[in-house]
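Hi,

Here's the structure I promised to pass on. Have a look at it first, and then read on for what turned up.

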Amino acid sequence: MEEKAKVQAGLQNQFYVDSEKLSDSVLKKKHELEQNPASRTNYMEYEEGMERINSDIMEKVLHEMEHYHYEEYTEADVRQALAKDRCSIEDFKALLSPAAQPYLEEMAAKAKQETSKHFGNTVYMFTPLYLANYCENYCVYCGFNCYNDISRKQLTKEEIEKEMKIIADSGMEEILLLTGESRVKSSIEYIGEACKTAKKYFRNIGLEIYPVNSDEYRYLHECGADYVTVFQETYHGDKYETLHLMGHKRVFPYRFEAQERALMGGMRGVAFSALLGLADFRKDALATALHAYYLQRKYPYAEYSLSCPRLRPIINNNKINPLDVHESQLCQILCAYRIFLPFVGITVSSRETKQFRDGIVKIAATKVSAGVSTGIGDHESKYTGQEEGEAGDEQFEIADDRSFGQMYQELSEEGLQPVMNDYVYVRR
Ligand code: SF4
């Protein structure tokens, strides 16, 4: 095996964990999925009940990604891209390439200019609320996966309201509702009810749930949701197949088309992301931005935003793990996003450190989470210090745990303008 392939296979194996609580038959199935590709379903085939839409966006994005040879771009291409007022797809490819790395300062200056042209000095704030951590999928890199031995919990209607009230009392006006991906545990009706409750406390309600059909998005929109976030995780089909071994998330095209179905269902905005570091991050960054770019051309009235979570490096060394995305590379991606798509929102999650987030909101990012908890039902203990009942386990550890108040104050002290809401619904 070639050295790079060995390293990548090793990285994948590091994700495999066997819980002692799994029975022999379950373990057998898990190992079969991990070791025998023939035991898995075809990841490009829709399952029964999954809506198919008439769209060529996936084809266009994957074509561009497959033909992106970033090592061919030169410093001259980068300089040319930076000199232009409007950034083409070719210019964007140059800005994402290794040749642009020495031009990070120039890229940051241009990105800052674009951000201030379109967003002034505003920074939008929101907080996520995890409703449940049950999941039917086996994504090998995620703590919520169905084989992982974690404490599972789903909030009741009363608990949801209690958590929302605590969050709303802190001053937050936008909430992002998340679930693990279990249709059985977190049904559309359950999520719809949570949206209706959220409507009492918040002005904007986002969803980060399993992808659904356009009529279901319509129902959730009627319940109060107006924004849908779906992470494709990676746009590399071969890699996607080896990381999502079981469950409906395994169906790559159905996931890819989720944002379009959400817009067809009447949602106001959609958000995209790859989990940078799962595969070749430059190609994933290209595909993420093009996914938004092509959709924006088809649905120009909608609002678009990009996130940029990265796998936290296991060993921060390029020689050991070639897929790690380092801070300067993340900064390059975000500046390239801003220059290519000046109008999109860019969210930087609390996976990143305070230092990184404080810096990037002055350059390219326009939205940050605050007062974050990725556990289930633990806002009360985190916000008030009081605890009642057991919380479900967290999906991942966060690096920036600043409260809403702290974040608000610190952004203001930096001369930025924290914004709680920038959208008004007019009822007729
Ligand atoms: S990434 Fe999402 S779908 Fe996959 S195991 Fe985690 S919660 Fe479930």
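Let me start with a quick one for you: is Pro418 partly exposed or buried? Keep in mind that this is a predicted model as you look. Pro418 counts as partly exposed, because there are 19 other C-beta atoms within 10 Å, and the cut-off for buried is 20 or more. You'll find Pro418 in strand β11, which covers residues 417-419. What sits across from Pro418 in space, though 296 residues away in sequence? That would be Thr122, with the two C-alpha atoms 5.8 Å apart. If you ignore neighbours within four places in sequence, the contacts of Pro418 are Val123, Met125, Tyr408, Leu411 and Ser412.

Now the overall picture. The protein has 428 residues, and 47% of them are buried. Of the contacts with a separation of 6 or more, 75% link residues 24 or more positions apart.

Which residues surround the ligand? The shell consists of Cys135, Asn137, Cys139, Cys142, Phe144, Asn145, Gly180, Glu181 and Lys249. Sorted by class, that shell has 4 nonpolar, 3 polar and 2 charged residues.

On to the helix packing, with α5 to begin with. Helix α5 (residues 89-96) packs against helix α14 (residues 327-340), their axes coming within 9 Å and crossing at roughly 165°. With that angle, α5 is roughly antiparallel to α14, and the crossing is right-handed. On the α5 side the contact uses Phe92, Leu95 and Leu96, and on the α14 side Ile333, Ala336, Ile339 and Phe340. How do the residues of this contact of α5 with α14 divide by class? They come out as 7 nonpolar, no polar and no charged.

Helix α5 also packs against helix α13 (residues 281-298), here at an angle of about 150° and with the axes 10 Å apart. The crossing of α5 and α13 is right-handed too. Phe92, Lys93 and Leu96 of α5 meet Arg282, Ala285, Leu286 and Ala289 of α13. By class, this contact has 5 nonpolar, no polar and 2 charged residues. If you compare the two lists, Phe92 and Leu96 turn up both in the contact with α14 and in the contact with α13.

While you're at α13, click on Ala292, which lies in that helix. Ala292 counts as buried because it has 23 C-beta neighbours inside 10 Å. Leaving out neighbours within four places in sequence, Ala292 is in contact with Phe272, Tyr304, Leu306, Leu341 and Val344. One of those, Leu341, is 49 residues from Ala292 in sequence, with 8.9 Å between the C-alpha atoms.

There's one more helix pair to show you. The axes of α8 (residues 188-201) and α9 (residues 214-223) come within 8 Å of each other and cross at roughly 25°. That angle makes α8 roughly parallel to α9, and α8 passes α9 in a right-handed crossing. Ile188, Ile191, Gly192, Cys195 and Lys196 of α8 make the contact with Glu216, Tyr219, Leu220 and Cys223 of α9. The residues of this contact of α8 with α9 divide into 6 nonpolar, 1 polar and 2 charged.

Glu233 has a phi near 75°, a positive value in a residue other than glycine. Glu233 belongs to strand β5 (residues 227-233). Is Glu233 buried or exposed? With 25 C-beta neighbours inside 10 Å, Glu233 counts as buried.

The other one is Val251, in the loop between β6 (244-246) and α11 (252-256). Val251 is partly exposed, since 19 other C-beta atoms lie within 10 Å. Apart from neighbours within four places in sequence, Val251 is in contact with Tyr43, Glu45, Tyr46, Glu47 and Met50. Tyr240 is 11 residues from Val251 along the chain, and their C-alpha atoms are separated by 9.5 Å.

Cheers

Technical notes. Residues numbered from 1 in each chain as written. Predicted model: local features only at pLDDT ≥ 70, side-chain atom pairs only at ≥ 80, totals over all residues. Axes fitted to C-alpha atoms, helices over the stretch in contact; angles between N-to-C directions. Helix = DSSP H or I, 4+ residues; strand = E, 2+ residues; numbered from the N terminus. Parallel < 35°, antiparallel > 145°, perpendicular 65-115°, else oblique. Left-handed = near helix turned anticlockwise from the far one by under 90°. Contact = placed C-beta atoms within 7 Å. Nonpolar A, V, L, I, M, F, W, Y, C, P; charged D, E, K, R; others polar. Near = placed C-beta within 6 Å. Buried ≥ 20, exposed ≤ 12 C-beta atoms within 10 Å, placed from the backbone.
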